[in-house]
Amino acid sequence: MKTEQIALAPLAPGADLSLTVQRFGPEGARPRIYVQASLHADEIPGMIAAHHLRERLVALENEGRIKGEIVLVPSANPIGLAQRVLGDHIGRFNLSDGINFNRGYPDFVPKVAERIDGKLTQDGEANLRLIREALRAECEAWQPANPAEAMKKALLGLAQEADIVLDMHCDSEAVVHLYTHTRSEEAFAPLSALIGAHAYLLADVSGDEPFDEACSRPWAELADRFPDRPISFGCHSTTLEFRGERDVSHETGQADAAAVVDYLILRGAIAGETPQVPKPLCQATPLAASEPVKAPAYGILVFKTEIGARVKAGDVIADVVDPITGAVAQAKTPCDGVMFARIAQRFVTKGMRLAKVAGTEARRTGKLLSA
C-alpha cells in the first residue's frame with residue numbers, strides 16, 4: 001500500500017487540511033477502481049467498511065493478487081469530520097454556507113465537448129483516452145472558491161478517470177440500497193446482489209449534481225452528442241448506502257468489504273476464484289419511482305412499519321401524535337414498493353419527509369434526491 005496526502009485549501013490561516021489517499025496494485029493498471037467513504041462525514045458505516053476493505057487489500061497485495069489499480073480514500077471529508085455544533089456532528093452540510101458536500105459538482109460536458117470536437121475517430125480506445133485527458137484538463141482548470149470546493153476538486157480528480165467508482169454512504173435508518181446511472185444498471189447488478197440491496201435506483205439525472213453523476217454522466221452525454229463516434233461508458237459510478245447511521249459494527253463492515261472484494265474480482269481488478277453471485281433481493285427501478293412519505297401533521301412520530309418491508313399504496317406506515325390534543329394523524333405510503341429508508345427523528349413537522357418507498361412507476365420529475 002502506498003499512502004499520500006493531498007493538501008487542501010486551509011479553512012483559515014494555520015488551519016490546514018489534507019486528504020489521505022491509499023493506493024494498491026500497479027500504478028496506471030486497468031481496471032482502475034476508486035473507492036471513497038463518508039463524503040457525508042457523519043455517515044460512518046462506509047468508513048468502517050473502508051477500514052475492513054483496507055485490511056483485505058493489504059493482504060491481497062501481499063499475495064500478489066491485485067491486478068488493477070485500486071485507489072481508496074477511507075475518510076473523504078476532513079472538513080465535515082471536524083464540524084460539531086453543541087456536541088452534534090454535522091457532516092452532511094458545510095457549515096460555512098449550508099451546501100451539501102455531495103452536491104454542486106461541476107458539469108464539464110460542454111467544455112469537454114469543445115475540446116474533443118473534431119478529434120474523435122472510429123478508434124474507441126483512442127476516444128476513451130482523449131475524453132479522459134479532456135476531463136482531466138477541465139478539472140485542473142477549475143478554480144475553487146472555498147475549501148469545500150477545493151476538496152471536491154481533489155476527490156473528483158482522483159475519481160473521474162477510474163473505470164469503477166464506489167462512493168460509500170448510509171441513510172438515517174435504512175436497509176442496504178444503491179443509486180447509479182441508468183446505463184450502469186448491468187455493470188452494478190452483481191454488486192447489488194452481493195451487498196444484499198433492497199432497492200436499486202436508476203436515473204440519468206437525479207438533480208443538484210452529486211459526486212457519482214459528476215463521474216458517470218459525462219460519458220452518457222458525450223456519447224449522445226457524438227453518436228457517429230464510438231464512445232464507451234468510461235466510468236461506471238454508484239452511491240452505495242450501507243444501512244443507517246447507527247449500523248456500525250465490525251460484522252457489517254467486514255461483510256460489506258467482502259462483497260466489494262468479490263465484486264472487484266468479477267471486474268478483473270483482483271485475481272481469484274470467481275465468486276458466486278447470490279440471487280438479488282430486488283430488481284432495478286427508476287429513482288423517479290421512489291416516493292417520499294410525508295408527515296400529515298406535526299407531532300410525535302411512531303413508526304408502524306419496519307425498514308425493508310413491502311408496502312401497498314395507502315398503507316399506514318406511521319402515526320403522528322399531537323402531544324397536546326392527543327389527535328392522531330396517519331402517514332400513508334403513496335405507492336406500492338419497498339420502504340427502504342426512514343428518518344431517525346421522532347418529532348416532526350407537517351410536510352416533513354418521513355420515509356422513502358421504492359416503487360416501480362416513474363411519477364416524479366425534477367430534483368429526485370433529498371437535500
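Reader: Which residues does R217 touch, not counting residues up to four places away in sequence?

Author: This is a predicted model, and in it R217 touches H181, D204, V205 and E209. R217 itself lies in helix 7.

Reader: What makes V205 count as a contact of R217?

Author: A contact needs heavy atoms within 4.5 Å, and R217 and V205 meet that rule. Their C-alpha atoms are separated by 7.9 Å, with the two residues twelve apart along the chain.

Reader: Why is R217 called buried?

Author: Buried means under 20% relative accessible area. R217 has 9% relative accessibility, so R217 counts as buried.

Reader: What makes the pairing of R217 and E221 a polar contact?

Author: The cut-off for a pair of N or O atoms is 3.5 Å. The side chains of R217 and E221 are joined at 2.8 Å, so the pair falls within that cut-off.

Reader: How many cavities of 30 Å³ or more are there?

Author: The count comes to one. About 50 Å³ of space lies in the largest cavity.

Reader: What makes a space a cavity rather than a pocket?

Author: In a cavity, a 1.4 Å probe fits but cannot get out, whereas a pocket is an open set of points.

Reader: Which residues line the largest cavity?

Author: They are P106, D107, F108, V109, E209, E213, A214, R217, P218 and E221. Helix 7, residues 211-225, gives the largest share, with five residues. By class, the lining has five nonpolar, no polar and five charged residues.

Reader: What is the volume of the largest pocket?

Author: The volume is about 1,100 Å³. Of the 47 residues lining this pocket, R92, D171, S172, S370 and A371 are the closest to its centre. Strand 20, residues 353-358, gives the largest share of the lining, with four residues. Sorted by class, the lining has 19 nonpolar, 13 polar and 15 charged residues.

Reader: Where is Q160 found, and what does Q160 touch?

Author: Q160 is in the loop between helix 5 (147-159) and strand 7 (164-171). Leaving out residues up to four places away in sequence, Q160 touches F108, L135, R136, C139, C215 and C235. A polar atom of the Q160 side chain lies 3.0 Å from the backbone oxygen of L135.

Reader: Why is Q160 called buried?

Author: Q160 has 2% relative accessibility, and the limit is under 20%, so Q160 counts as buried.

Reader: Is F242 buried or exposed?

Author: F242 is buried, because its relative accessible area is 0%. F242 lies in strand 11, residues 236-244. Beyond its neighbours within four places in sequence, F242 is in contact with P45, G46, A49, M168, H169, C170, V176, I195 and D256. F242 and H177 are 65 residues apart in sequence, yet 7.0 Å apart in space, C-alpha to C-alpha.

Reader: Where are L86 and D208 placed, and what is phi in each?

Author: L86 is in the loop between strand 5 (84-85) and strand 6 (88-89), with phi near 50 degrees, a positive value in a residue other than glycine. D208 is in the loop between strand 10 (199-203) and helix 7, and phi of D208 is near 70 degrees, again positive in a residue other than glycine.

Reader: What kind of peptide bond joins R30 and P31?

Author: A cis peptide bond joins them, with omega about 0 degrees. P31 lies in the loop between strand 2 (15-24) and strand 3 (32-37).

How values were computed
Residues numbered from 1 in each chain as written. Predicted model: local features only at pLDDT ≥ 70, side-chain atom pairs only at ≥ 80, totals over all residues. Heavy atoms only, no water. 1 Å grid on protein atoms, 1.4 Å probe; cavity = no way out; pocket = protein on both sides within 12 Å on 5 of 7 lines; lining within 4 Å. Points joined across faces, edges and corners; volume = space filled by probe spheres on them. Helix = DSSP H or I, 4+ residues; strand = E, 2+ residues; numbered from the N terminus. Nonpolar A, V, L, I, M, F, W, Y, C, P; charged D, E, K, R; others polar. Buried < 20%, exposed > 50% of the residue type's maximum accessible area, 1.4 Å probe, protein only. Polar contact = N/O pair within 3.5 Å; in protein donor to acceptor, adjacent residues only side chain to side chain.
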